[in-house]
Amino acid sequence: MDGSPSAVSGGRPREDDRRVLNSYCRQPSAGDDRLPVRKPPEIVDRGEDGSECRWARILAYEPPYRVVFSWDIGPTWQLESNPDLTSEVEVTFTAEAPDRTRVELEHRHVDRHGPGWESVRDGVADDQGRPLYLDRYAALFGEGD
């Protein structure tokens, strides 16, 4: 990805944006992708069997406006433990109207992943990557309502 943001607007009132971000800041239940309360904050996937996979670190958290996290998955789609070889994702929430919020997602510094970084760029831009998850997010909040 070239660093330009992807965006989706939905019918979520601005005052609810803080609840949306905060809902991701509690311990995950089985099968959830949530931002657990950890120090330092991390994004952890928890499997049905209780296993956990930490795949990102929270770099900035400013509800209701934005969250920035590392992308700690390398070009071979394995976890990357060296922070110098990870990229960043920023998600911002901007009120467009009292009942409408614009959500923008920017995945930047993808070239930091080193040799093969193009597979990260192409993977997150694929139909099963960023577009799929932005569409799911919009559906949660009734895009176009």
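Mentor: Tryptophan 55 and tryptophan 71 are both buried. This is a predicted model, and the values below are computed from it. For tryptophan 55 the relative accessible area is 14%, which counts as buried because the cut-off is under 20%. Phenylalanine 69 is buried as well, at 11%. Trp55, Phe69 and Trp71 form one aromatic cluster.

A pair of aromatic rings is described by the distance of the centres and the angle of the planes. The structure holds 2 aromatic pairs. Tryptophan 55 and phenylalanine 69 make an edge-to-face pair, with 5.9 Å from centre to centre and 90° between the planes. This pair links distant parts of the chain: tryptophan 55 sits in strand 4 (residues 52–62) and phenylalanine 69 in strand 5 (residues 66–71), 14 residues apart. Tryptophan 55 also pairs edge-to-face with tryptophan 71, at 5.4 Å between centres and 75° between planes. Here too the link is between distant parts of the chain, from tryptophan 55 in strand 4 to tryptophan 71 in strand 5, 16 residues apart. Both angles are classed as edge-to-face because that class takes planes over 60 degrees apart.

The loop between strand 4 and strand 5 holds proline 64. The peptide bond from proline 63 to proline 64 is cis, with omega near 5°. Most peptide bonds are trans.

Another tryptophan, tryptophan 77, lies in the loop between strand 5 and strand 6 (87–97). Tryptophan 77 is partly exposed, with a relative accessible area of 41%, and has a positive phi of about 60° although it is not a glycine.

Terms used: Residues are numbered from 1 along each chain as its sequence is written. This is a predicted model: local features need pLDDT of at least 70, side-chain atom pairs count only at pLDDT 80 or more; totals for chains, interfaces and linings use all residues. Side-chain values use heavy atoms; hydrogens and water are left out. Rings of Phe, Tyr and Trp (its six-membered ring) pair if their centres lie within 6.5 Å; planes under 30 degrees apart count as stacked, over 60 as edge-to-face and the rest as tilted. Helices (H or I, at least four residues) and strands (E, at least two) are DSSP runs, numbered from the N terminus. Buried means under 20% relative accessible area, exposed over 50%, partly exposed in between (1.4 Å probe, protein chains only).
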